[in-house]
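Please look through the structure shown here, and then follow the questions and answers below it.

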Amino acid sequence: MAFWIFLFFIIGLRIAELFLARRNEQWLLSKGAVEYGQAHYPFIVGLHVLFILSLIIEYLLRGTGELNPYLLGLFFLLLAFKGWVISSLGRFWNTKIYRVPRFPLVKKGPYRFIKHPNYVIVIAEIAIIPLIFHLYYTAVIFTVLNAVMLYVRIREENRALEL
């Protein structure tokens with residue numbers, strides 16, 4: 001039962017993030033934002049959908065039902081860090097890559113210390129979420145797939161930020 005509650009919580013968070021991103025996207029576009037990385041964005045969406053499906057399939061095939069409370073606590077710390085990232089970027093936070101001409105880059109919050117703090121969170125989430133329920137195959141496979149995707153994504157984002 002804990003797995004399903006947690007899974008629906010994760011799905012709810014992702015949906016809320018997409019709504020926030022859409023609202024921010026409208027504001028960004030109204031300010032003349034230019035989108036970058038459109039070619040790889042569907043692959044990111046697909047990766048995250050497959051991640052959720054993999055969690056479900058692996059849990060149904062081999063899930064123990066046991067929850068690791070330490071990793072669950074670490075996950076909630078990650079959520080707090082994600083909240084800091086999102087609040088630091090404000091209307092500039094998005095799941096897509098946008099650059100608004102004439103607007104300076106955000107240099108507050110975690111961006112004072114790390115160039116891409118949101119990706120640190122994504123890397124940790126992809127590993128920790130499955131490990132909370134001992135879903136090792138999903139953790140390993142999607143950590144590797146996510147690393148490949150982030151290699152493409154960060155390269156594209158760095159190009160956009162240099163403009």
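Q: In which helix does Leu53 lie?
A: This is a predicted model, in which local features need pLDDT of at least 70, side-chain atom pairs count only at pLDDT 80 or more, and totals for chains, interfaces and linings use all residues. Residues are numbered from 1 along each chain as its sequence is written, and side-chain values use heavy atoms, with hydrogens and water left out. Helices are DSSP runs of H or I with at least four residues, and strands are runs of E with at least two, numbered from the N terminus. Leu53 belongs to the run of residues 41–62, which is helix H2.

Q: Where is confidence highest in the protein?
A: The predictor's confidence in each residue is given as pLDDT, from 0 to 100, and the protein averages 95, with 100% of the residues scoring at least 70. The lowest mean, 95, belongs to helix H5 (residues 136–162), whereas the highest, 98, belongs to helix H3 (residues 69–89).

Q: Which element gives the largest share of the lining of the largest pocket?
A: On a 1 Å grid over the protein atoms alone, a pocket is an open set of points where a 1.4 Å probe fits, with protein on both sides within 12 Å along at least five of seven lines, and lining residues have an atom within 4 Å of a point. The largest pocket is lined by 46 residues, and Asn94, Thr95, Asn118, Tyr119 and Arg153 lie nearest its centre. Among the elements that give two or more residues to this lining are helix H1 (2–30) and strand S2 (97–99), but the largest share, nine residues, comes from H2.
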